[in-house]
Every structure is written in structure tokens, then in C-alpha cells.
Amino acid sequence: MGDGSTTGGSVSVIQLPRFLTARSCGETIAVCQAIQDEESDVVIDAARLRFVDPFGLTLLGATFQELQGWGQRVVVHRVSADVGSYLQRMDLFRGVDLQGFTPAGQRWDRRDSLVELTCIDDHTAASDAAGRLANALIGAVPGIDLNEEPDDMSGQTEATRLGSPIKYVLSELLENALTHARRAGYKGARVWIAGQYYQRNDLFRLAVTDNGCGFLGTLRDHPDLRRKTHREAILTAMKPRVSCNRDLGIRTDTVNEGVGLTTVLRIARAADGRALIASGDAYHNPATAGGSLPVGTFWQGVSVALELRRIKLETIRIGRLLPTLEDMPRVPIRFE
Ligand SMILES: Nc1ncnc2c1ncn2[C@@H]1O[C@H](COP(=O)(O)OP(=O)(O)OP(=O)(O)O)[C@@H](O)[C@H]1O
Ligand SMILES: [Mg+2]
């Protein structure tokens with residue numbers, strides 16, 4: 001990782017980088033991995049940290065919880081007042097020993113534009129979470145009235161038009177994380193979600209991260225997987241109608257049809273947004289074609305980060321983006 005160093009005693013001090021974001025996914029995953037690799041208490045130096053997006057938040061949240069699960073103490077020090085207030089508001093520091101930090105007052109208390117980091121480990125909690133998070137995100141958009149009367153013709157409101165693609169995305173990703181991620185020996189896998197509406201850019205950022213078996217874990221024996229690498233597994237999972245359960249046959253409901261992830265990515269593209277999928281030692285960003293993480297860097301599980309532009313989101317009709325039965329390409333799809 002390069003930034004980790006050891007002080008005179010036996011406790012390691014790990015420095016956080018300036019950005020913990022999807023755009024700096026290699027560095028973000030590397031530092032989380034370095035923290036998880038520690039076998040005793042960890043001191044984290046957050047002096048350089050300037051910006052954390054939902055992707056960074058879910059990865060760091062999963063990382064802290066992992067250590068706490070092992071009984072290791074996590075100490076964070078030298079976090080700036082602004083970043084610290086934000087992270088505290090997003091609930092990142094639960095159970096973390098935060099040292100030398102004075103909140104910056106009201107400045108970061110933007111209660112309505114944030115969706116806290118949430119960890120979900122059972123299906124009953126998941127069914128509510130997608131709707132609750134979508135409403136919280138939409139409620140942050142200026143001028144949106146969650147109690148608006150629905151339009152007589154369409155039965156829709158501005159909030160439901162914006163909300164349905166967000167709900168779809170969150171529930172598909174959550175469903176994947178609570179079923180597929182728990183295969184191949186990862187029964188206890190959990191999922192972390194976070195989201196935020198950014199008024200300045202008029203866009204939503206969402207992230208869903210699990211600590212399960214990863215795409216390669218579920219697709220290792222899939223006939224479409226040409227090479228047993230994490231990168232190929234990500235690309236294979238993105239293809240329409242690829243599912244680790246496809247041997248059960250095509251069903252009439254949406255369960256295990258292999259369309260969820262494809263549709264999530266189509267929604268991101270239709271919303272003029274970006275997407276990033278990381279798993280194992282690889283990531284894929286449809287805009288740049290992605291690639292490998294820095295050598296030795298690894299995320300055990302799957303993390304999906306999305307950016308959705310509000311103005312485009314309103315025009316999305318999910319039914320039009322769902323893959324059709326004929327939609328079964330034999331080559332990896334490219335989104336660029
Ligand atoms: N979080 C995850 N962890 C491990 N594997 C995953 C994860 N998410 C998706 N996958 C793999 O990618 C495949 C494709 O996912 P996708 O959501 O498109 O289809 P599905 O979940 O099988 O079916 P559907 O979404 O239509 O119900 C899954 O069948 C599974 O093999
Ligand atoms: Mg799915």
C-alpha cells in the first residue's frame with residue numbers, strides 16, 4: 001500500500017489518502033486492504049483525507065466493522081473538522097475511537113441530503129432499505145414534494161418518477177449481495193450501502209458493497225466464463241441473461257433471470273452516469289474499460305458504485321431497459 005508505516009511501538013499507523021472515492025478505486029481498496037491485513041489494533045491517520053464518496057464510505061465502513069468483529073480496536077486521529085463531521089454524520093465512526101477531533105458545528109449537518117452508511121445482513125431489513133434510501137435521497141432534491149398528488153393519467157409524481165430507477169438499482173444490488181454473495185462458503189457475508197445527492201452537480205452517488213464470495217466465486221463454473229479471472233467474471237456477470245442459477249432454466253418471474261446487473265448498468269448509462277464494479281483484483285468502469293487494481297490489491301466481495309444525473313433519471317422507463325429474451329450476446333458487451 002505504501003502509506004502504511006509502523007511507529008516505535010507495535011501498533012501500525014496507516015495513512016488515509018486524500019480521496020476515498022470510486023475515481024480513486026485502486027488507492028481506496030488498497031488502503032482498506034492494508035487496514036484489514038492488520039492483526040492487532042490499528043491507528044489511522046486521516047490528516048490528508050479531503051473527500052469521501054459513498055463508494056469510499058461503504059468500503060471503509062465494511063473494513064472497520066471487519067476489524068471490530070475480530071475484537072481489534074480502531075483509532076482514527078488527525079481527521080479535519082469538516083471531513084470528520086461529515087463522516088460522523090454518515091455514521092462511519094460507530095465503535096471507532098476518534099481522537100483529537102472537534103466537530104465543525106452546523107456546517108456539515110446537511111441532514112436531508114445524506115443517506116447514512118447502512119449495514120444490512122438479512123432480507124427482512126433489505127426489503128425496506130431500498131425504498132427508505134431512495135426516499136431519503138429524493139427528499140434531498142430541492143423542490144421535490146414527497147406528498148405531491150399523483151398525475152391523473154400516469155398515476156406518477158415527480159418523486160416516483162425519480163424514485164423508481166433508484167429503488168430498482170438499490171434493490172437489485174442488495175438482492176444480489178444478500179443471495180449470490182453468500183454462496184461458495186461466504187454464508188455470513190454482509191452488505192453496506194450509502195448514497196448522497198450532490199446539489200452542486202445535480203447528481204446522485206450510490207454504492208453497494210459486500211464482503212462475500214465475489215463474481216468469480218459464483219461464476220467460476222459458468223460456461224460463458226472464458227478465463228477464471230476476476231476481471232472476466234465481472235464482464236461475464238454484466239452480460240444480459242447470465243446468472244449463476246441459469247441451470248435452473250428461464251423462469252417467468254424476475255428471480256434469477258440474469259437481468260438485474262445488466263439493467264442497473266443500463267440505468268446508469270441512460271442517466272448519463274458512471275458505473276464502477278470492483279471485485280477481487282479487478283474493476284470495471286464501462287466508460288474507461290477499467291482493468292486491474294494495483295498489484296496485490298484485492299477486495300473480497302463486490303462493490304458497485306453508481307453516479308446518476310437527476311435530470312436524466314426522470315426520463316427513464318425501466319421496462320424499456322430490461323433485456324429481452326433474445327438479448328443473449330455471445331461476446332462481452334461494451335458500454336463505451
Ligand atoms: N454481489 C455478488 N456477489 C457474487 N456474485 C454476484 C453478485 N452479484 C451478481 N453476481 C453474479 O452475477 C450474476 C448476474 O447477476 P444479475 O443480477 O444480472 O442476475 P441474477 O441475480 O442471477 O438474476 P436477476 O437479477 O435477474 O434476478 C449472478 O447470477 C451472480 O452469479
Ligand atoms: Mg440479480
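**View 1. Helix α5 gives six residues to the lining of the largest pocket, the largest share from any element.** The model shown is predicted: local features need pLDDT of at least 70 and side-chain atom pairs pLDDT 80 or more, while totals for chains, interfaces and linings use all residues. Residues are numbered from 1 along each chain as its sequence is written, chains are lettered from A and ligands numbered from 1 in the order in which they are written, and side-chain values use heavy atoms, without hydrogens and water. The largest pocket holds about 600 Å³ of space (the volume filled by probe spheres set on grid points, which are joined across faces, edges and corners). It is lined by 32 residues, and E172, E175, N176, T179 and H180 are the closest to its centre. A pocket is an open set of points on a 1 Å grid over the protein atoms alone, with protein on both sides within 12 Å along at least five of seven lines; a cavity is a set where a 1.4 Å probe fits but cannot get out; lining residues have an atom within 4 Å of a point. At least two lining residues each come from α5, β10 (203-210), α6, α8 and β14 (299-309) (DSSP runs numbered from the N terminus: helices are H or I, at least four residues; strands are E, at least two). The lining has 15 nonpolar, twelve polar and five charged residues (Ala, Val, Leu, Ile, Met, Phe, Trp, Tyr, Cys and Pro are nonpolar; Asp, Glu, Lys and Arg charged; the others, Gly among them, polar).

**View 2. Ligand 1 sits in the largest pocket.** To sit there, more than half of its atoms must lie within 2 Å of the grid points. Helices α5 (158-179), α6 (214-219) and α8 (260-270) are the elements that give two or more residues to the shell around ligand 1. The largest share, four residues, comes from α6. By class, the shell has eleven nonpolar, nine polar and three charged residues.

**View 3. Of the 23 residues around ligand 1, N176, H180, S243, C244 and N256 come nearest.** A residue counts as near if one of its heavy atoms lies within 4 Å. Polar contacts (pairs of N or O atoms within 3.5 Å) include one from the side chain of N176, where an N or O atom is 2.8 Å from an oxygen atom of ligand 1. A backbone N or O atom of G258 is 2.9 Å from a ligand oxygen, and for a polar backbone atom of G260 the distance is 3.1 Å. Ligand 1 exposes 590 Å² when taken alone, and the protein buries 96% of that (Shrake-Rupley method, 1.4 Å probe).

**View 4. The second largest pocket has a volume of about 440 Å³.** Among its 27 lining residues, A22, R23, S24, D53 and R274 lie nearest the centre. Elements α1 (25-37), α2 (54-69), β10, β11 (274-280) and β14 each supply at least two lining residues. The classes are 16 nonpolar, six polar and five charged.

**View 5. The second largest cavity contains about 30 Å³ of space.** The whole structure has two cavities of 30 Å³ or more. The second largest cavity is lined by L16, A46, L49, L60, F64, V76, L87, L92 and F93. Its lining has nine nonpolar residues, with no polar and no charged ones.

Methods:
A polar contact is a pair of N or O atoms within 3.5 Å; within protein, one must be able to donate a hydrogen and the other to accept it, and residues adjacent in sequence count only if both atoms are side-chain atoms.
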